[in-house]
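Please keep the sequence at hand while reading.

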Amino acid sequence: MGCPKRAIVVLLSFLGFLILFGFRTVITIVMVYVIKDNDNDRVGLFKECTINGTAYDLQLDWSVATSQYFNTAYFVGYVITQLPGGFLAVRFSPTKLFGGAIMISGSCFVVLAFIMKYSPIIVFVIRFIQGLAEGVSQPAMSSVVSAWAPKSERTRIVGISFSGIYLSTSLASVIAGATTCYVSWHAGLFIYGGSGILWSLVWFCTVYDSPMMHPTLSEKERRIFTEEGSNVTIASAYVAKNIPWRKILTSVPVWALLLANFTRSWVFAMIITEIPQYYADAYALNVATIGFLTSFPSILMTFSVVLGGIITDKMIKEKKVSTTLGRKISMVIGFGLEAVCVLALGFVKDYRTASAVIILAEGLAGFSTAGFKVNTVDLAPQYASVLTGIVRSGVLGATVSTAIAGILRHKDVQSWQKIFFITGSLHLFSVIFYSIFGSGQQQEWAQTEYTTLVTPKEESKLTYGSTLATQEKNSSDLTGIVYNFKEDTHNDNTSKDTNSKLEVQHLIKP
């Protein structure tokens, strides 16, 4: 239909993250409803749930602490596959990894809807499996984006693709809150599980690992990638074997990014999985009201993610700021002000003010996506998935966050004040650290080198970016060398003819 193929990739990536991160919110809302220990029907903007006492209702004699451990199980699995996910994305197809993660997790949701009520152990195991599956998603997507984002559009493409993460909370909160109260306790599980399976089938049939692999890529778009592509190699055993692990693990900018991801994961887990419980504990709100209130922060954040990407791209392209300064400004505006809002949340005494502060915090946080989400592609386009796997292991912060919430949490405002003070302080520290040690420049160790012998006498090294277009160009150049050589030797007709031809043929073999 003439639509740019990279636009299709961006749209499907957005929808994929919209579903994938919606899984977290849906299970949180469902748990808030089904656990009897939650006394959350006294206050709210909506009428009492109409499924109460019907065949579509479910009340489980589990503690709130048990539901916190379900989240911990998920994040433990999520941490385990971050680094392996980065490695797998340079060894195997990153598009298949991303699509497979959503298909597996969606299937787990459908299974959970049928068997959750029988035992908390079942939920614990399934949440752990979902964490393992979803852990490879962002490292894999970094490889996809690295291949499909021209340099002049990199920040906005990353911003739009990943903005589905932030809008997911809003959409899932409304859908899960409304359907749980007015349709059935497991309606949200069926809706999101089925959507994940359907989306993954479309993704598998539509998206390719490299623009040059796409059978219907237009000539106009092909030229764009030839001129502005990241020149990364298609995933292979050779690339995986030559990952510069030591240089990556001793890189200070990588560690700065890891710390930023650790504290952001801590805060994001709190917003998605703890804030609904905070509303129930501190203000006794019902589940429909909780779903409504938690939908607003991510709406504003989605707009700020896209806006921040466009502004940062424009400033860097017009050379008003360097790439490094652009990333740091985004982090200070996004994470720095978010940390201040989280600290302020500890002084709030009513749910309306709390909701306003949370909306402001997440709205500002969206600007940080133009910094930390795209930074792995800046530092090492070839190894973006590996770096993402490493820095995304900072999702351990989410595991710690949910564990601490389970320990400190009580049904009062004071216990939540402690949680907010700890969270805000750590987040602010990470912003300061990144502002000092972060970078937006490609690192020296980040380019894969391919050595080709041109002549026996001149053993020169040619470093190729390895998109298929470049490989085709190299192949074409060598073919021309062979053709011209044969023409010369035919005219020369000397005894060296045979030996010279064999020599060139030997040189062009892989």
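## Aromatic packing

Phenylalanine 98 is buried, at a relative accessible area of 0%. Buried means under 20% relative accessible area, exposed over 50%, and partly exposed in between, with a 1.4 Å probe and protein chains only. This is a predicted model: local features need pLDDT of at least 70, side-chain atom pairs count only at pLDDT 80 or more, and totals for chains, interfaces and linings use all residues. Residues are numbered from 1 along each chain as its sequence is written, and side-chain values use heavy atoms, with hydrogens and water left out.

The structure holds 25 aromatic pairs. Rings of Phe, Tyr and Trp (its six-membered ring) pair if their centres lie within 6.5 Å; planes under 30 degrees apart are stacked, over 60 edge-to-face, and the rest tilted. Two of the pairs are tabulated here.

| Pair | Centre to centre | Angle between planes | Type |
|---|---|---|---|
| Phenylalanine 75 and tyrosine 78 | 6.5 Å | 85° | edge-to-face |
| Phenylalanine 98 and tryptophan 199 | 5.6 Å | 85° | edge-to-face |

Phenylalanine 98 lies in helix α5 and tryptophan 199 in helix α9 (residues 187–206), so their pair ties together parts 101 residues apart in sequence. Helices (H or I, at least four residues) are DSSP runs, numbered from the N terminus. Tryptophan 199 is buried too, at 6% relative accessibility.

Phenylalanine 75 and tyrosine 78 are three residues apart in α3 (residues 64–80), so about one helical turn separates them. Both are buried. The charged end of arginine 24 sits over the tyrosine 78 ring, 4.9 Å from its centre. That label requires CZ of Arg (or NZ of Lys) within 6 Å of the ring centre and within 35 degrees of the ring normal.

## A loop serine

Serine 119 lies in the loop between α5 (94–115) and α6 (120–134). Serine 119 is buried, with 18% relative accessible area. Its side chain reaches the backbone nitrogen of isoleucine 121 at 3.1 Å.

## The second largest pocket

This pocket holds about 320 Å³ of space. Of its 15 lining residues, Lys151, Arg154, Ile316, Thr323 and Asp378 are the closest to its centre. Elements giving two or more lining residues are α8 (154–182), α15 (296–317), α16 (323–345) and α19 (375–379). The most come from α15, with three. The lining divides into three nonpolar, six polar and six charged residues.

Notes
Polar contact = N/O pair within 3.5 Å; in protein donor to acceptor, adjacent residues only side chain to side chain. 1 Å grid on protein atoms, 1.4 Å probe; cavity = no way out; pocket = protein on both sides within 12 Å on 5 of 7 lines; lining within 4 Å. Points joined across faces, edges and corners; volume = space filled by probe spheres on them. Nonpolar A, V, L, I, M, F, W, Y, C, P; charged D, E, K, R; others polar.
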